[in-house]
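Hi everyone, thanks for coming. Today I'd like to walk you through the cavities and salt bridges of one protein. Let's bring it up on the screen.

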Amino acid sequence: MKSKQLIQWFTKYYADSAEFCPVSPNQDIFVVGTYQLEENKANEQDVCPNTVDDEIPSSTLEVSHNLLKVEPDHDLSAASEASDTRQIRRGCLYLHRFSGTTVENLQEIEMAGILDMKWSCQRVSSHILLGVVTSAGEIIILKLSESGNSLERLCKETIKIDGALALSLDWSNRAQESLVPYLAVSDSKGYLSVYELNSSSLKLLHQGNCHSFEAWITAFSYRNPDTVYSGGDDCKFKGYDLRIGLEVQSFVCGIHESGVTSCHSNDLQDHLVVTGSYDEVVRVWDDRQWRRPVNEVQVGGGVWRLKWRPGDARCLLAACMYNHFQIINVSAAGSSADVAAKYEHSSLAYGTDWCWRDQSPQTLVAASFYDRTVSIFTISEDT
């Protein structure tokens, strides 16, 4: 495979999350989330003045092919440090549309620092929904307008853990439609919280202190959404059966040599799960046994995000922090896996996603941190 950059532009704050909308007919829509730690000023709060309820005009996106050089001063691994009265965490959510040759900026929403975002893969009560978690411990559910040109808030909840930053989230309904889907949220205090989304509110179902340090990642088993996973800075990867609750662990895996930062289950093939860690290894698992992975891939950088390709159980996208964005081919049972392509950035590779449209070459989005850049690129078979 080979990669090719199409468009690149800058964000206001450090770019750390990027997600294409999975729901037709809006699969040309994507969002970018940003996070930045700043010194506090008099009377400033963690949430910026413009909120998700403000009306923000659309604008035309100015893109650039020149990288901005920014000296590193912090990254997301520092995001969970104890709150300081001199510091605030800012963020901005960008709503974009990709036409195939250009990117249009539809909306910008200032909020607290964004640590993760996920679209619901199914409509809920006829709405296309986006979940966002922030440095203020918020879980914000936004709904996309019928035109696809704007987002507005459906509901918001705050983690009931003092001082916690919400670090990651996942929806339970990627493979199975649900009228009341679950959302799992992990936080900087090591807690995992599971909510049920009703028509316009989030109801807390389960909450547990699952990790000794930051719970960097949570994810559902999409083929069995009563199962939820969590990974933490204590190097532990754990599973839970929500029919029992979070008090009892289905398994505890201690094979990772550093903090567990990413996890994604395969929605097309039973039992196939991948994890990533600061130890720079992508591990492929059969969820029927957790003592050892069926395969390991050295990727040369901490693995912040992993995404299976939509409609393809064999192709995996990895954001590898200090070693760019990589495409990994995985065999049917996971017994073989190898890096097939790489898209290079000059900064930390954090946010990335596949466009859900079935097309060739395949379109992807990538967000890199310190240089504040977002890129649209493609991958295609070598010719």
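A quick definition before we look inside: I'll count Ala, Val, Leu, Ile, Met, Phe, Trp, Tyr, Cys and Pro as nonpolar, Asp, Glu, Lys and Arg as charged, and the others, Gly among them, as polar. And please keep in mind that this is a predicted model.

With that, what classes of residue line the largest cavity? There are 10 nonpolar, 2 polar and 6 charged residues in the lining. The volume of this cavity is about 190 Å³, and Glu-19, Lys-118, Cys-121, Arg-174 and Trp-356 lie nearest its centre. Strands giving at least two residues each to the lining include E2 (14-20) and E6 (114-119).

The search of the whole structure turned up 2 cavities of 30 Å³ or more. Lining it are 13 residues, and Lys-118, Ile-217, Cys-263, His-264 and Leu-306 are the closest to its centre. By class, that lining has 6 nonpolar, 3 polar and 4 charged residues.

You'll have noticed Lys-118 near both centres. Lys-118 forms a salt bridge with Asp-116, with the closest N and O atoms 2.9 Å apart. Is Asp-116 buried or exposed? Asp-116 has a relative accessible area of 1%, so it is buried. Lys-118 is buried too, at 14%.

Overall, the count comes to 19 salt bridges. Happy to take questions!

Note on methods: Residues numbered from 1 in each chain as written. Predicted model: local features only at pLDDT ≥ 70, side-chain atom pairs only at ≥ 80, totals over all residues. Heavy atoms only, no water. 1 Å grid on protein atoms, 1.4 Å probe; cavity = no way out; pocket = protein on both sides within 12 Å on 5 of 7 lines; lining within 4 Å. Points joined across faces, edges and corners; volume = space filled by probe spheres on them. Helix = DSSP H or I, 4+ residues; strand = E, 2+ residues; numbered from the N terminus. Salt bridge = Lys/Arg side-chain N within 4 Å of Asp/Glu carboxyl O. Buried < 20%, exposed > 50% of the residue type's maximum accessible area, 1.4 Å probe, protein only.
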